[in-house]
Amino acid sequence: MATVSQCRQNFDQRSEAAINKQINMELFASYTYQAMAYHFSRDDVALPGFHKYFKHQSDEEREHSEKFMKYQNSRGGRIVFQTVNKPSKLEWASGIEALEDALSLERQVNESLLQLHKIADEVNDPHLQDFLEGEFLTEQVEAIKEIGDLLTQAKRCGTGLGEYQFDQLTMQKKD
């Protein structure tokens, strides 16, 4: 039987529930990026730069979920694992399509973080607000900008040989 944590202080149940929801969102994003990564490493797609980039994104999103789990425990909350939905798509016609989907996904993650920040404000939890601002919000804005830039550059290159060169000259060098 679960008891209330002895270290819990000024940690509203709405914050705890929203953090659990965010953990699930971060795991979903990781799962989606994993699907993208391994799509681009297929022998009939063979774009290793896109694979590398999306694999890195998947790892980063999983690390975000772990930061939220650690934070939940530090505040005396309880982690409630939920079913992680499968990605809405498992194949992409091009790198451009995948980058468009990645941009949409990052916007969804950002919106979820902003909702969590709003809840923290409503329940007067400055610690959670500081955590979100220091660890996630700026990084999300930067990620959205980076993917937007990559999408613009990929569109300039086009498909076929242009997509291959973009993969080799741009995506291979992204961390």
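Which helix is E61 found in?

1. E61 sits in helix α2, residues 48-74 (helices being DSSP runs of H or I, at least four residues, numbered from the N terminus). Bear in mind that this is a predicted model, where local features need pLDDT of at least 70, side-chain atom pairs count only at pLDDT 80 or more, and totals for chains, interfaces and linings use all residues. Residues are numbered from 1 along each chain as its sequence is written, and side-chain values use heavy atoms, with hydrogens and water left out.

2. At 1% relative accessibility, E61 counts as buried (under 20% relative accessible area, 1.4 Å probe, protein chains only). Leaving aside residues up to four places away in sequence, E61 touches E26, A29, S30, Y33 and E106, with contact meaning heavy atoms within 4.5 Å. The C-alpha atoms of E61 and S30 are separated by 4.9 Å, though the two are 31 residues apart along the chain.

3. Now the α1/α3 pair: the axes of α1 (residues 13-40) and α3 (residues 95-122) come within 10 Å and cross at roughly 170 degrees (axes are lines fitted to C-alpha atoms over the stretch in contact, with angles from 0 to 180 degrees between N-to-C directions). That makes α1 roughly antiparallel to α3, the cut-off being over 145 degrees.

4. Helix α4 (residues 126-157) has 32 residues and spans 45 Å from first C-alpha to last, close to the 46 Å expected at 1.5 Å a residue (1.5 Å times one less than the number of residues). Next after α4 comes G158, with a positive phi near 80 degrees.

Conventions: Helix = DSSP H or I, 4+ residues; strand = E, 2+ residues; numbered from the N terminus. Parallel < 35°, antiparallel > 145°, perpendicular 65-115°, else oblique. Buried < 20%, exposed > 50% of the residue type's maximum accessible area, 1.4 Å probe, protein only.
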